[in-house]
Amino acid sequence: MEQIFIIASLWLVLAVVSAVIAYHLRISIALVEICVGVLAVAVAGRFGTPDALGANQEWLKFLASSGAVLLTFLAGAELEPEVVRRKIKEVTVVGLVGFFAPFLGCTAVARYALGWDIQASLLCGVALSTTSMAVVYAVMLDTGLNKTDYGKGIMGACFINDLGTVIALGLLFAPYTYKTIIFIAVTAFVLTFLPLSSRWLTRIYAYRTAAIRTKWVILVLFGLGALALWAGSEAVLPAYLVGMVLAEFSSSDTFWIRRLRTLTVGFLTPFYFIRAGTFVSLPALISAPVVFLLLLGGKVLSKIFGLYPIIGLFMRKRDERWYYTLLMSTGLTFGTISSLYGLSHGIVTQGQYSFLVAVVIASAVIPTLIAGIMFLPRHLMPEPDKKAAATQENGLSEEG
(Lines give C-alpha, C1' and ligand atoms only; values in the text may rest on other atoms or scores of the structure.)
Protein backbone atom coordinates (compact mmCIF):
# COMPACT_ATOMS: atom_id res chain seq x y z
CA MET A 1 0.00 0.00 0.00
CA GLU A 2 2.87 2.36 0.77
CA GLN A 3 4.28 1.87 -2.72
CA ILE A 4 0.90 2.68 -4.27
CA PHE A 5 0.71 5.99 -2.43
CA ILE A 6 4.28 6.84 -3.41
CA ILE A 7 3.62 6.15 -7.10
CA ALA A 8 0.30 8.01 -6.99
CA SER A 9 2.02 11.01 -5.40
CA LEU A 10 4.68 10.96 -8.13
CA TRP A 11 2.02 10.99 -10.85
CA LEU A 12 0.13 13.81 -9.17
CA VAL A 13 3.38 15.79 -8.97
CA LEU A 14 3.64 15.38 -12.74
CA ALA A 15 -0.01 16.46 -13.06
CA VAL A 16 0.54 19.62 -11.00
CA VAL A 17 3.70 20.47 -12.95
CA SER A 18 1.72 19.98 -16.17
CA ALA A 19 -0.98 22.37 -14.95
CA VAL A 20 1.58 25.06 -14.15
CA ILE A 21 3.30 24.67 -17.54
CA ALA A 22 -0.04 24.72 -19.37
CA TYR A 23 -1.03 27.92 -17.57
CA HIS A 24 2.15 29.77 -18.51
CA LEU A 25 2.27 28.49 -22.10
CA ARG A 26 -1.50 28.93 -22.54
CA ILE A 27 -1.99 25.57 -24.24
CA SER A 28 -4.21 22.61 -23.46
CA ILE A 29 -3.26 20.80 -20.27
CA ALA A 30 -3.98 17.45 -21.96
CA LEU A 31 -1.16 18.08 -24.44
CA VAL A 32 1.23 19.11 -21.68
CA GLU A 33 0.40 15.98 -19.68
CA ILE A 34 1.18 13.79 -22.70
CA CYS A 35 4.52 15.54 -23.24
CA VAL A 36 5.37 15.32 -19.54
CA GLY A 37 4.66 11.58 -19.72
CA VAL A 38 7.04 11.24 -22.67
CA LEU A 39 9.80 13.11 -20.82
CA ALA A 40 9.20 11.30 -17.53
CA VAL A 41 9.60 7.84 -19.03
CA ALA A 42 12.66 9.01 -21.00
CA VAL A 43 14.32 10.33 -17.82
CA ALA A 44 13.43 7.13 -15.94
CA GLY A 45 14.91 5.05 -18.75
CA ARG A 46 18.05 7.19 -18.76
CA PHE A 47 18.67 6.23 -15.14
CA GLY A 48 17.94 2.57 -15.80
CA THR A 49 14.56 2.50 -14.04
CA PRO A 50 11.91 2.61 -16.82
CA ASP A 51 9.39 0.83 -14.55
CA ALA A 52 9.76 3.35 -11.72
CA LEU A 53 6.61 5.18 -12.83
CA GLY A 54 4.53 2.03 -12.49
CA ALA A 55 2.56 2.76 -15.68
CA ASN A 56 1.63 -0.91 -16.13
CA GLN A 57 0.35 -1.53 -12.62
CA GLU A 58 -3.26 -2.68 -12.69
CA TRP A 59 -4.59 -0.04 -10.30
CA LEU A 60 -3.01 2.75 -12.35
CA LYS A 61 -4.34 1.32 -15.60
CA PHE A 62 -7.78 1.25 -13.98
CA LEU A 63 -7.56 4.93 -13.00
CA ALA A 64 -6.39 5.85 -16.50
CA SER A 65 -9.16 3.83 -18.13
CA SER A 66 -11.73 5.35 -15.76
CA GLY A 67 -10.55 8.79 -16.79
CA ALA A 68 -10.98 7.94 -20.47
CA VAL A 69 -14.46 6.50 -19.87
CA LEU A 70 -15.73 9.46 -17.83
CA LEU A 71 -14.18 12.01 -20.18
CA THR A 72 -15.85 10.28 -23.13
CA PHE A 73 -19.18 10.29 -21.25
CA LEU A 74 -18.85 14.02 -20.59
CA ALA A 75 -18.11 14.63 -24.27
CA GLY A 76 -21.28 12.79 -25.22
CA ALA A 77 -23.27 14.66 -22.56
CA GLU A 78 -22.27 17.95 -24.18
CA LEU A 79 -24.00 16.98 -27.45
CA GLU A 80 -27.49 18.38 -27.25
CA PRO A 81 -29.81 16.26 -29.43
CA GLU A 82 -31.26 19.37 -31.09
CA VAL A 83 -27.81 20.58 -32.12
CA VAL A 84 -26.86 17.14 -33.45
CA ARG A 85 -30.07 16.92 -35.49
CA ARG A 86 -29.43 20.38 -36.91
CA LYS A 87 -25.85 19.43 -37.80
CA ILE A 88 -26.49 15.82 -38.83
CA LYS A 89 -25.27 16.35 -42.39
CA GLU A 90 -22.11 18.13 -41.24
CA VAL A 91 -21.08 15.64 -38.55
CA THR A 92 -21.85 12.63 -40.76
CA VAL A 93 -19.98 13.84 -43.85
CA VAL A 94 -17.00 15.22 -41.92
CA GLY A 95 -16.83 12.14 -39.70
CA LEU A 96 -16.92 9.67 -42.59
CA VAL A 97 -14.32 11.57 -44.63
CA GLY A 98 -12.23 11.89 -41.47
CA PHE A 99 -12.18 8.11 -41.24
CA PHE A 100 -11.81 7.00 -44.87
CA ALA A 101 -9.14 9.52 -45.96
CA PRO A 102 -6.46 8.48 -43.41
CA PHE A 103 -7.52 4.83 -43.48
CA LEU A 104 -6.82 4.59 -47.21
CA GLY A 105 -3.82 6.94 -47.09
CA CYS A 106 -2.02 5.28 -44.17
CA THR A 107 -2.75 1.79 -45.45
CA ALA A 108 -1.09 2.77 -48.75
CA VAL A 109 1.91 4.34 -46.98
CA ALA A 110 2.49 1.25 -44.83
CA ARG A 111 2.05 -1.16 -47.74
CA TYR A 112 3.90 0.58 -50.55
CA ALA A 113 6.32 2.97 -48.84
CA LEU A 114 7.30 0.84 -45.83
CA GLY A 115 6.72 -2.64 -47.26
CA TRP A 116 4.51 -3.95 -44.44
CA ASP A 117 2.36 -6.99 -45.19
CA ILE A 118 -1.32 -6.47 -46.03
CA GLN A 119 -2.66 -7.30 -42.55
CA ALA A 120 -0.20 -4.97 -40.80
CA SER A 121 -0.93 -2.26 -43.37
CA LEU A 122 -4.68 -2.50 -42.80
CA LEU A 123 -4.15 -2.39 -39.03
CA CYS A 124 -1.99 0.70 -39.55
CA GLY A 125 -4.80 2.31 -41.55
CA VAL A 126 -7.32 1.55 -38.81
CA ALA A 127 -5.08 2.78 -35.97
CA LEU A 128 -4.22 6.04 -37.72
CA SER A 129 -7.74 6.73 -39.02
CA THR A 130 -8.93 7.80 -35.58
CA THR A 131 -9.48 11.16 -34.05
CA SER A 132 -9.19 11.75 -30.32
CA MET A 133 -12.42 12.47 -28.49
CA ALA A 134 -10.48 12.71 -25.22
CA VAL A 135 -8.05 15.33 -26.50
CA VAL A 136 -10.68 17.25 -28.47
CA TYR A 137 -13.05 17.41 -25.52
CA ALA A 138 -10.25 18.47 -23.17
CA VAL A 139 -9.37 21.28 -25.58
CA MET A 140 -13.05 22.22 -25.89
CA LEU A 141 -13.20 22.57 -22.09
CA ASP A 142 -10.06 24.72 -22.00
CA THR A 143 -11.41 27.12 -24.64
CA GLY A 144 -15.09 27.02 -23.68
CA LEU A 145 -16.01 25.92 -27.21
CA ASN A 146 -17.80 22.87 -25.78
CA LYS A 147 -20.70 25.25 -25.05
CA THR A 148 -21.01 26.39 -28.68
CA ASP A 149 -22.66 24.83 -31.74
CA TYR A 150 -19.26 24.94 -33.43
CA GLY A 151 -17.64 22.84 -30.70
CA LYS A 152 -20.56 20.42 -30.52
CA GLY A 153 -20.27 19.90 -34.27
CA ILE A 154 -16.59 18.99 -33.92
CA MET A 155 -17.33 16.50 -31.15
CA GLY A 156 -20.15 14.95 -33.18
CA ALA A 157 -17.84 14.49 -36.17
CA CYS A 158 -15.22 12.95 -33.87
CA PHE A 159 -17.74 10.38 -32.71
CA ILE A 160 -18.69 9.38 -36.28
CA ASN A 161 -14.99 9.16 -37.16
CA ASP A 162 -14.18 6.89 -34.21
CA LEU A 163 -17.30 4.80 -34.78
CA GLY A 164 -15.96 4.08 -38.27
CA THR A 165 -12.66 2.99 -36.70
CA VAL A 166 -14.37 0.62 -34.27
CA ILE A 167 -16.50 -0.93 -37.01
CA ALA A 168 -13.49 -1.33 -39.33
CA LEU A 169 -11.43 -2.98 -36.59
CA GLY A 170 -14.25 -5.43 -35.94
CA LEU A 171 -14.97 -6.20 -39.60
CA LEU A 172 -11.34 -6.65 -40.58
CA PHE A 173 -9.85 -8.39 -37.54
CA ALA A 174 -12.32 -9.27 -34.78
CA PRO A 175 -14.80 -12.01 -35.70
CA TYR A 176 -18.29 -11.36 -34.41
CA THR A 177 -19.54 -13.93 -31.89
CA TYR A 178 -22.55 -14.42 -29.66
CA LYS A 179 -20.82 -12.08 -27.18
CA THR A 180 -21.08 -9.26 -29.70
CA ILE A 181 -24.81 -9.85 -30.10
CA ILE A 182 -25.32 -9.90 -26.33
CA PHE A 183 -23.32 -6.69 -25.93
CA ILE A 184 -25.32 -4.87 -28.61
CA ALA A 185 -28.66 -6.11 -27.26
CA VAL A 186 -27.93 -5.22 -23.62
CA THR A 187 -26.50 -1.83 -24.56
CA ALA A 188 -29.55 -1.01 -26.67
CA PHE A 189 -31.88 -2.04 -23.83
CA VAL A 190 -29.98 0.03 -21.25
CA LEU A 191 -29.81 3.10 -23.49
CA THR A 192 -33.55 2.89 -24.19
CA PHE A 193 -34.60 3.01 -20.55
CA LEU A 194 -31.66 4.96 -19.11
CA PRO A 195 -33.11 8.51 -19.42
CA LEU A 196 -36.40 7.48 -17.78
CA SER A 197 -34.74 5.53 -14.95
CA SER A 198 -32.22 8.32 -14.33
CA ARG A 199 -34.96 10.94 -14.04
CA TRP A 200 -36.95 8.69 -11.68
CA LEU A 201 -33.88 8.07 -9.51
CA THR A 202 -33.16 11.78 -9.39
CA ARG A 203 -36.73 12.73 -8.54
CA ILE A 204 -36.95 10.25 -5.65
CA TYR A 205 -33.46 10.25 -4.18
CA ALA A 206 -31.44 13.24 -5.42
CA TYR A 207 -30.72 16.10 -2.99
CA ARG A 208 -31.29 13.68 -0.11
CA THR A 209 -28.74 10.93 -0.73
CA ALA A 210 -25.18 12.12 -1.33
CA ALA A 211 -24.14 12.09 -4.99
CA ILE A 212 -26.48 9.28 -6.02
CA ARG A 213 -26.59 10.55 -9.61
CA THR A 214 -22.82 10.33 -9.86
CA LYS A 215 -22.84 6.81 -8.42
CA TRP A 216 -25.64 5.79 -10.79
CA VAL A 217 -23.96 7.12 -13.91
CA ILE A 218 -20.59 5.59 -13.01
CA LEU A 219 -22.31 2.27 -12.28
CA VAL A 220 -23.87 2.28 -15.75
CA LEU A 221 -20.59 3.30 -17.40
CA PHE A 222 -18.53 0.65 -15.64
CA GLY A 223 -21.18 -2.04 -16.15
CA LEU A 224 -21.45 -1.44 -19.90
CA GLY A 225 -17.66 -1.00 -20.05
CA ALA A 226 -17.16 -4.43 -18.49
CA LEU A 227 -19.65 -5.93 -20.94
CA ALA A 228 -17.87 -4.25 -23.86
CA LEU A 229 -14.50 -5.66 -22.78
CA TRP A 230 -16.05 -9.11 -22.36
CA ALA A 231 -17.38 -8.88 -25.93
CA GLY A 232 -14.00 -7.85 -27.31
CA SER A 233 -14.86 -4.16 -27.75
CA GLU A 234 -13.69 -1.20 -25.64
CA ALA A 235 -15.16 0.43 -22.55
CA VAL A 236 -15.08 3.95 -23.99
CA LEU A 237 -17.49 3.12 -26.84
CA PRO A 238 -20.70 2.72 -24.75
CA ALA A 239 -19.57 5.66 -22.58
CA TYR A 240 -20.10 8.11 -25.44
CA LEU A 241 -23.52 6.65 -26.22
CA VAL A 242 -24.53 6.91 -22.55
CA GLY A 243 -23.46 10.55 -22.55
CA MET A 244 -25.52 11.27 -25.65
CA VAL A 245 -28.74 9.72 -24.34
CA LEU A 246 -28.27 11.50 -20.99
CA ALA A 247 -27.41 14.86 -22.56
CA GLU A 248 -30.75 16.42 -21.67
CA PHE A 249 -30.68 14.85 -18.20
CA SER A 250 -27.15 16.16 -17.58
CA SER A 251 -27.86 19.68 -18.84
CA SER A 252 -30.75 20.06 -16.38
CA ASP A 253 -28.26 20.56 -13.53
CA THR A 254 -25.12 22.37 -14.61
CA PHE A 255 -23.63 22.27 -11.12
CA TRP A 256 -23.80 18.46 -11.02
CA ILE A 257 -22.11 18.07 -14.39
CA ARG A 258 -19.44 20.58 -13.35
CA ARG A 259 -18.65 18.61 -10.21
CA LEU A 260 -18.40 15.40 -12.23
CA ARG A 261 -16.14 17.23 -14.68
CA THR A 262 -13.95 18.42 -11.80
CA LEU A 263 -13.58 14.86 -10.52
CA THR A 264 -12.71 13.61 -13.99
CA VAL A 265 -10.33 16.34 -15.15
CA GLY A 266 -8.86 17.08 -11.73
CA PHE A 267 -8.08 13.53 -10.68
CA LEU A 268 -8.58 10.83 -13.31
CA THR A 269 -7.57 12.17 -16.72
CA PRO A 270 -4.02 13.16 -15.69
CA PHE A 271 -3.35 9.45 -15.19
CA TYR A 272 -4.76 8.77 -18.66
CA PHE A 273 -2.87 11.46 -20.57
CA ILE A 274 0.44 11.08 -18.71
CA ARG A 275 0.27 7.31 -19.14
CA ALA A 276 -0.38 7.80 -22.86
CA GLY A 277 2.88 9.73 -23.06
CA THR A 278 4.80 6.88 -21.43
CA PHE A 279 4.06 4.67 -24.45
CA VAL A 280 6.43 6.72 -26.62
CA SER A 281 9.99 5.45 -26.89
CA LEU A 282 12.26 8.34 -27.86
CA PRO A 283 15.24 6.04 -28.62
CA ALA A 284 13.09 4.05 -31.07
CA LEU A 285 12.03 7.22 -32.85
CA ILE A 286 15.57 8.52 -33.03
CA SER A 287 16.81 5.23 -34.47
CA ALA A 288 14.38 5.31 -37.41
CA PRO A 289 12.94 8.80 -37.84
CA VAL A 290 11.97 8.28 -41.50
CA VAL A 291 9.39 5.62 -40.63
CA PHE A 292 7.91 7.83 -37.96
CA LEU A 293 7.75 10.86 -40.26
CA LEU A 294 6.20 8.89 -43.12
CA LEU A 295 3.43 7.52 -40.92
CA LEU A 296 2.80 10.85 -39.19
CA GLY A 297 2.72 12.63 -42.54
CA GLY A 298 0.40 9.98 -43.94
CA LYS A 299 -2.07 10.45 -41.10
CA VAL A 300 -2.05 14.24 -40.79
CA LEU A 301 -1.75 15.12 -44.48
CA SER A 302 -4.46 12.67 -45.56
CA LYS A 303 -6.73 14.12 -42.88
CA ILE A 304 -6.00 17.69 -43.99
CA PHE A 305 -6.36 17.09 -47.75
CA GLY A 306 -9.49 15.05 -47.20
CA LEU A 307 -11.21 17.23 -44.63
CA TYR A 308 -10.28 20.86 -45.35
CA PRO A 309 -12.32 21.16 -48.59
CA ILE A 310 -15.25 19.29 -47.01
CA ILE A 311 -15.26 21.43 -43.87
CA GLY A 312 -15.13 24.47 -46.15
CA LEU A 313 -18.65 23.58 -47.26
CA PHE A 314 -19.89 24.19 -43.71
CA MET A 315 -17.48 26.84 -42.35
CA ARG A 316 -16.78 30.14 -44.08
CA LYS A 317 -14.02 31.66 -41.96
CA ARG A 318 -10.48 30.45 -42.56
CA ASP A 319 -9.57 30.01 -38.88
CA GLU A 320 -12.76 28.00 -38.24
CA ARG A 321 -11.95 25.65 -41.13
CA TRP A 322 -8.33 25.13 -40.12
CA TYR A 323 -9.09 24.71 -36.41
CA TYR A 324 -11.81 22.15 -37.19
CA THR A 325 -9.52 20.26 -39.61
CA LEU A 326 -6.54 20.14 -37.26
CA LEU A 327 -8.57 18.94 -34.29
CA MET A 328 -10.02 16.19 -36.47
CA SER A 329 -6.41 15.21 -37.30
CA THR A 330 -5.66 14.21 -33.72
CA GLY A 331 -5.57 10.67 -32.39
CA LEU A 332 -5.11 8.92 -29.07
CA THR A 333 -7.61 6.56 -27.43
CA PHE A 334 -8.81 4.33 -30.26
CA GLY A 335 -5.45 4.66 -32.02
CA THR A 336 -3.56 3.15 -29.09
CA ILE A 337 -6.35 0.59 -28.56
CA SER A 338 -6.14 -0.54 -32.20
CA SER A 339 -2.34 -0.68 -32.09
CA LEU A 340 -2.38 -2.77 -28.91
CA TYR A 341 -4.98 -5.08 -30.45
CA GLY A 342 -2.69 -5.60 -33.43
CA LEU A 343 0.30 -6.38 -31.21
CA SER A 344 -1.56 -8.78 -28.90
CA HIS A 345 -3.01 -10.71 -31.88
CA GLY A 346 0.27 -10.91 -33.82
CA ILE A 347 -0.89 -8.61 -36.62
CA VAL A 348 1.99 -6.14 -36.12
CA THR A 349 5.46 -6.60 -34.64
CA GLN A 350 6.76 -4.88 -31.52
CA GLY A 351 8.67 -2.41 -33.69
CA GLN A 352 5.64 -1.59 -35.84
CA TYR A 353 3.55 -1.19 -32.70
CA SER A 354 6.06 1.29 -31.25
CA PHE A 355 5.91 3.45 -34.37
CA LEU A 356 2.12 3.35 -34.50
CA VAL A 357 1.74 4.42 -30.88
CA ALA A 358 4.37 7.14 -31.28
CA VAL A 359 2.56 8.51 -34.35
CA VAL A 360 -0.81 8.35 -32.58
CA ILE A 361 0.49 10.35 -29.63
CA ALA A 362 2.40 12.81 -31.83
CA SER A 363 -0.83 13.40 -33.74
CA ALA A 364 -2.51 14.24 -30.44
CA VAL A 365 0.06 16.93 -29.73
CA ILE A 366 1.27 18.54 -32.97
CA PRO A 367 -2.01 19.35 -34.81
CA THR A 368 -3.69 20.51 -31.60
CA LEU A 369 -0.75 22.72 -30.70
CA ILE A 370 -0.72 24.34 -34.15
CA ALA A 371 -4.49 24.78 -34.07
CA GLY A 372 -4.40 26.49 -30.67
CA ILE A 373 -1.53 28.82 -31.53
CA MET A 374 -2.39 29.80 -35.09
CA PHE A 375 -6.09 29.19 -35.78
CA LEU A 376 -8.04 29.42 -32.52
CA PRO A 377 -11.43 30.97 -33.44
CA ARG A 378 -11.51 33.45 -30.58
CA HIS A 379 -14.63 35.13 -31.93
CA LEU A 380 -16.59 31.96 -31.12
CA MET A 381 -15.29 31.55 -27.57
CA PRO A 382 -17.91 32.41 -24.90
CA GLU A 383 -17.19 34.81 -22.07
CA PRO A 384 -16.21 32.98 -18.86
CA ASP A 385 -19.06 32.59 -16.39
CA LYS A 386 -17.26 33.93 -13.33
CA LYS A 387 -20.36 34.00 -11.17
CA ALA A 388 -21.17 30.34 -11.84
CA ALA A 389 -17.58 29.33 -11.26
CA ALA A 390 -17.54 31.15 -7.92
CA THR A 391 -20.78 29.48 -6.91
CA GLN A 392 -19.35 26.10 -7.78
CA GLU A 393 -16.19 26.69 -5.79
CA ASN A 394 -18.12 27.80 -2.72
CA GLY A 395 -20.34 24.74 -2.89
CA LEU A 396 -23.58 26.72 -2.81
CA SER A 397 -25.53 24.15 -4.80
CA GLU A 398 -27.16 21.00 -3.44
CA GLU A 399 -25.33 17.68 -3.89
CA GLY A 400 -27.28 15.15 -5.94
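The model is predicted, so local features need pLDDT of at least 70, side-chain atom pairs count only at pLDDT 80 or more, and totals for chains, interfaces and linings use all residues. Residues are numbered from 1 along each chain as its sequence is written, and side-chain values use heavy atoms, with hydrogens and water left out.

**S132**
- S132 sits in the loop between α6 (118–127) and α7 (133–143).
- Leaving aside residues up to four places away in sequence, S132 touches T330, G331, L332 and T333; touching means heavy atoms within 4.5 Å.
- The side chain of S132 reaches the backbone nitrogen of V135 at 3.0 Å.

**R275**
- Helix α13 (residues 254–277) holds R275.
- R275 is buried but has no salt bridge (a side-chain nitrogen of Lys or Arg within 4 Å of a carboxyl oxygen of Asp or Glu).
- The nearest side chain of opposite charge to R275 is E58, 7.5 Å away.
- Among the residues that R275 touches, not counting those up to four places away in sequence, are W11, N56 and K61.

**The cavity**
- There is one cavity of 30 Å³ or more, a cavity being a set of points on a 1 Å grid over the protein atoms alone where a 1.4 Å probe fits but cannot get out.
- The largest cavity holds about 100 Å³ of space.
- Its lining includes T72, M133, F159 and T333, where lining residues have an atom within 4 Å of a point.
- At least two lining residues come from each of α7, α8 (149–172), α11 (236–245) and α17 (333–344).

Definitions and conventions: Helix = DSSP H or I, 4+ residues; strand = E, 2+ residues; numbered from the N terminus. Polar contact = N/O pair within 3.5 Å; in protein donor to acceptor, adjacent residues only side chain to side chain. Buried < 20%, exposed > 50% of the residue type's maximum accessible area, 1.4 Å probe, protein only. Lys, Arg positive; Asp, Glu negative; His and termini not counted. 1 Å grid on protein atoms, 1.4 Å probe; cavity = no way out; pocket = protein on both sides within 12 Å on 5 of 7 lines; lining within 4 Å. Points joined across faces, edges and corners; volume = space filled by probe spheres on them.
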